[in-house]
Amino acid sequence: MADYSNYGLLVDYKYCDNCGSCVVGCQEIKDLPAGKSGIQVFEKGPFRKDNDTLDDRWDWDYIPVPTDLCDLCAARLDEGEKPMCVKHCLTFCLDFGPVEELAKKSEKLGEKVAIYKPM
Amino acid sequence: MDKQFDHEWQTPQPDGSTIFRTCAWSPPGDHPVGCGVELYVKDGKLIRVEGDETNPITQGRLCPRCLALKDYTYDPKRIIYPMKRDPEKRGDANAWERITWDEAYDLIKAWVDDIEKKYGREAIVVFGGTGREACMFYYPMAFSVLNTPNLCYAQSGWSCYGPRSSVADYILGAGYPELDTGYFPDRFDNPNYELTKVVVEWGKMPLWSNGDGFFGHSLIDMMKRGTKFIVVDPRVTWLGARKGNMTLQLKPGTDASLALGILNVIINEDLYDHDFVENWCYGFDELAERVNEYPLELVEKQTWVPAEEIRAAARIMATNHPMCIQWGLAIDQNKNGVQAGHAILSIMAITGNIDVPGGLTVGDPAVRLGHWCTDSRQYLSDEMWEKRIGVGKWPAFAATMASTHPDETLETLETGEPYAVKMAWINSSNFLSATCSMQNQRWYKALLPMEHTVATDLFMNPTIEALADLFLPMTTYAEHDGFVIPYYMSNNVWLGCMAKAFSTGETKSDLEICYEVGRRVTPKANWSKYNNVHEWLDEQLDDEPLLPFTFDEFKEMGVYFPPMTYRKYEKGMLRNDGQPGFNTVTGKFELYSVLYDAWGEDPMPYFEEPNYTQVSQPQLAEKYPLMATSGARVSAFFHSEQRQIPRLRALNPDPLVEINPKTAEKYGIEDGDWVQVYNMFGKGNWRAKVTPTIDERTVHCQHGWWFPEEDGSAPNLYGVFKSNFNLLLPHYNVGNLGFGTPAKGIMVNMRKVSSLDDQNESNFKQIPPTLVESHGWIKDAETAREILE
């Protein structure tokens with residue numbers, strides 16, 4: 001297996017809508033039971049903003065976070081495939097790769113982007 | 001022909017497995033979305049599910065329900081052999097015995113012959129659910145297989161898709177119109193496509209519902225390209241809460257008032273498309289007059305939406321082009337919904353957004369794949385067709401719906417008038433759960449006396465456990481061949497192919513069951529002429545000049561986009577006579593409906609306060625001070641399905657009621673507490689989710705709940721009446737054309753309880769007889785008092 005220790009997971013979390021595909025996809029490929037997964041989705045808010053406007057009223061985001069079970073699907077990467085969560089995310093809000101490349105990509109993605117280095 | 005896509009549909013792998021490409025419809029349930037799936041099959045078993053990145057719409061993405069297909073396929077609770085049960089033991093979960101298909105066919109043949117001899121075939125009613133592939137086969141199952149005119153979608157007022165389709169038919173002369181998300185092989189990049197600037201989600205949340213075949217997450221693709229959203233919903237949704245998007249948080253059931261208020265602004269501020277109105281609309285002057293009855297101060301009072309927000313939204317909708325409104329189930333589940341739908345389509349028309357790039361697509365009548373539904377009627381005589389239950393009373397309904405009237409069907413079942421029903425066929429439906437029928441315990445009691453009841457499904461459900469004598473096991477979408485037809489043939493903007501990848505047990509598809517039963521019980525119909533279902537599939541394509549391929553060729557392609565022509569009304573492509581215009585009585589888009597006028601309905605949209613609100617029933621306002629809405633979809637489940645799949649259930653373990661923090665505090669309720677929601681019709685328990693995204697005056701109860709882990713035998717029936725919103729809804733609260741139900745808005749109260757099982761009184765709540773007599777209608781204060789006593 002190749003060395004993926006410099007790889008990370010990018011989350012463009014302004015788009016995460018908590019569809020659950022990352023969680024269930026991970027459980028399926030790693031054969032994990034309900035309640036255990038290599039990725040978990042947290043909810044921030046919803047808080048109504050101060051001085052809100054009609055088109056900017058809520059502070060409310062879902063934020064996926066890899067757990068200790070995440071190995072970025074190293075076996076799939078070896079086969080030239082994407083991690084399960086990245087491939088199946090319904091909003092395409094996930095990406096993977098060497099962290100320095102992800103950092104460069106994040107510059108173009110605007111607000112609300114996180115990069116995780118699970119390993 | 002040039003192929004749009006050229007895939008291998010089977011790719012052998014070095015480890016001995018094979019990858020099968022297919023498009024998903026159902027089961028497991030979803031609408032005809034056709035998501036691209038790669039199924040890894042080894043030794044005849046599904047070992048892995050991946051998304052198909054070559055699918056031009058879904059591009060590899062899959063929702064949790066498809067990702068968990070392996071769990072669903074091999075769940076120990078799945079039924080993979082036919083079973084029968086003594087009719088005396090209906091409701092006994094332990095009384096089923098395995099039989100062969102031949103025994104099942106013999107039983108069906110004997111039962112149908114017996115019913116025909118004693119009562120005639122019209123004594124059979126076929127029940128079907130919503131959205132799944134089964135809903136395109138319950139038409140032939142009734143008409144050409146069992147040869148009865150009575151097919152019933154048991155939702156009060158046919159309140160899912162039927163009303164919207166009918167409104168589109170009456171005033172636009174076309175099938176279900178839908179937001180254009182670039183229905184070309186190169187999608188958004190096609191030079192003929194134009195990105196929608198503003199999309200309005202009106203009583204709809206496609207991210208989870210994927211309504212009628214629209215891939216909901218196309219909206220995210222559009223949002224990333226710059227589309228803005230206006231969401232009309234009693235709940236602030238995640239989509240409506242994104243920066244740049246907005247939410248009009250209305251009182252449930254007041255959509256028609258809001259739409260008329262928006263029309264008022266667009267017309268009186270002269271923001272409408274004069275060219276389209278002058279050339280292609282009928283009745284503009286009458287509409288301009290009507291909207292003046294809806295000044296924004298009044299609309300704000302009726303809808304709770306601040307006047308300045310309505311004005312701002314109306315201006316955005318009128319001045320951004322293309323703009324498109326996606327109308328949702330909230331329009332159907334409303335007895336004033338025909339008017340709301342009419343007003344919403346009128347906004348689309350007068351802003352010039354009908355059948356334009358990025359606007360509202362209008363179905364091309366030249367692509368008819370799926371026409372087997374209505375064609376199967378040819379095997380019923382006119383005399384037999386006239387016997388369809390309840391349609392004599394509802395001519396507008398009968399003109400567009402090839403089914404019984406659902407509310408009349410319940411009354412026929414209960415009274416035996418105009419004739420007795422003696423056999424039921426439950427075609428993949430679970431209407432005792434809170435999915436469609438209102439006052440489900442009445443349906444339960446009315447169907448118990450059937451002489452014979454047959455059911456098709458993949459898992460046991462409360463409805464089948466309660467009522468059926470014969471269980472026919474079904475295939476998943478991965479285990480049979482078929483077509484994915486968005487909008488059920490009324491707007492074939494793209495088409496998908498379902499290709500069988502493997503088999504499980506002795507399961508069969510809807511088509512296979514129609515074929516096998518049809519040739520046995522109704523030899524005069526078409527089923528006898530085919531040697532196998534493949535011939536039937538090929539015949540469907542033979543009939544389509546614009547679909548020049550065989551079924552096997554379609555398997556290789558996976559997805560197909562028929563030719564897309566915009567502004568078909570200018571080109572004579574919509575009317576039967578080939579003239580330009582719309583296929584309506586006047587040839588125009590009817591802001592004033594000539595048909596409504598003929599049917600005795602107001603030809604123009606109007607607002608009517610729902611019958612069960614604090615405004616309509618002031619004498620009950622104190623007792624039931626909140627409005628409850630229901631039916632918002634979630635990612636984990638398709639209506640009442642998937643509660644038994646652990647990985648999916650874990651995403652939403654309990655039935656939830658959303659309550660605003662201020663309201664929760666007033667009632668002493670905390671997040672996670674069990675709460676009983678109740679009104680004059682019934683009650684149920686939900687678990688509190690305290691959230692500021694719902695209005696203080698509104699609560700939202702999840703629908704479709706039952707508990708496969710509980711005792712299945714009657715009276716518990718997997719706890720189906722413990723958390724069942726439809727028990728809180730009246731039977732037969734329909735509008736003047738026969739459509740609608742107050743499922744999206746009804747007055748309630750709530751109290752804290754200790755658990756799901758803390759029901760305070762017997763689950764099986766009897767409906768007060770006065771309500772039954774009055775169709776669930778509280779006519780006056782005196783009746784109200786009687787009910788409350």
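How many helices and strands does chain A have?

**Exercise 1. Describe the make-up of chain A.**

This is a predicted model, in which local features need pLDDT of at least 70, side-chain atom pairs count only at pLDDT 80 or more, and totals for chains, interfaces and linings use all residues. Residues are numbered from 1 along each chain as its sequence is written, chains are lettered from A and ligands numbered from 1 in the order in which they are written, and side-chain values use heavy atoms, with hydrogens and water left out.

Step 1. Chain A has four helices and five strands. Helices (H or I, at least four residues) and strands (E, at least two) are DSSP runs, numbered from the N terminus.

Step 2. Along the sequence, the order in chain A is β-α-β-β-α-α-β-α-β.

Step 3. Of the 119 residues in chain A, 51% are buried; buried means under 20% relative accessible area, exposed over 50%, and partly exposed in between (1.4 Å probe, protein chains only).

Step 4. Among contacts in chain A with a separation of 6 or more, 65% come from residues 24 or more positions apart. A contact means heavy atoms within 4.5 Å.

**Exercise 2. Trace the strands around the barrel in chain B.**

Step 1. Six strands of chain B form a closed barrel in the order β23-β27-β24-β26-β25-β28, with mixed pairing. From one strand to the next, the twist averages 45°; axes are lines fitted to C-alpha atoms, for helices over the stretch in contact, and angles run from 0 to 180 degrees between N-to-C directions.

Step 2. Strands β23 (residues 626–630) and β27 (residues 698–701) of chain B run parallel and are joined by four bridges. Two strands pair if DSSP finds at least two bridges between them.

Step 3. B:Met627 has B:Thr698 in β27(B) as its bridge partner.

**Exercise 3. Find the partners and faces of strand β20 in chain B.**

Step 1. Strand β19 (residues 482–484) of chain B pairs with β20(B) in the antiparallel sense over three bridges. B:Val484 has B:Gly496 in β20(B) as its bridge partner.

Step 2. β20(B) also pairs with strand β21 (residues 559–560) of chain B, in the antiparallel sense over two bridges. Here B:Leu495 stands opposite B:Tyr560 in β21(B).

Step 3. In a regular strand the side chains alternate between the two faces of the sheet. In β20 (residues 495–498) of chain B, B:Leu495 and B:Cys497 point one way, B:Gly496 and B:Met498 the other way, and all are buried.
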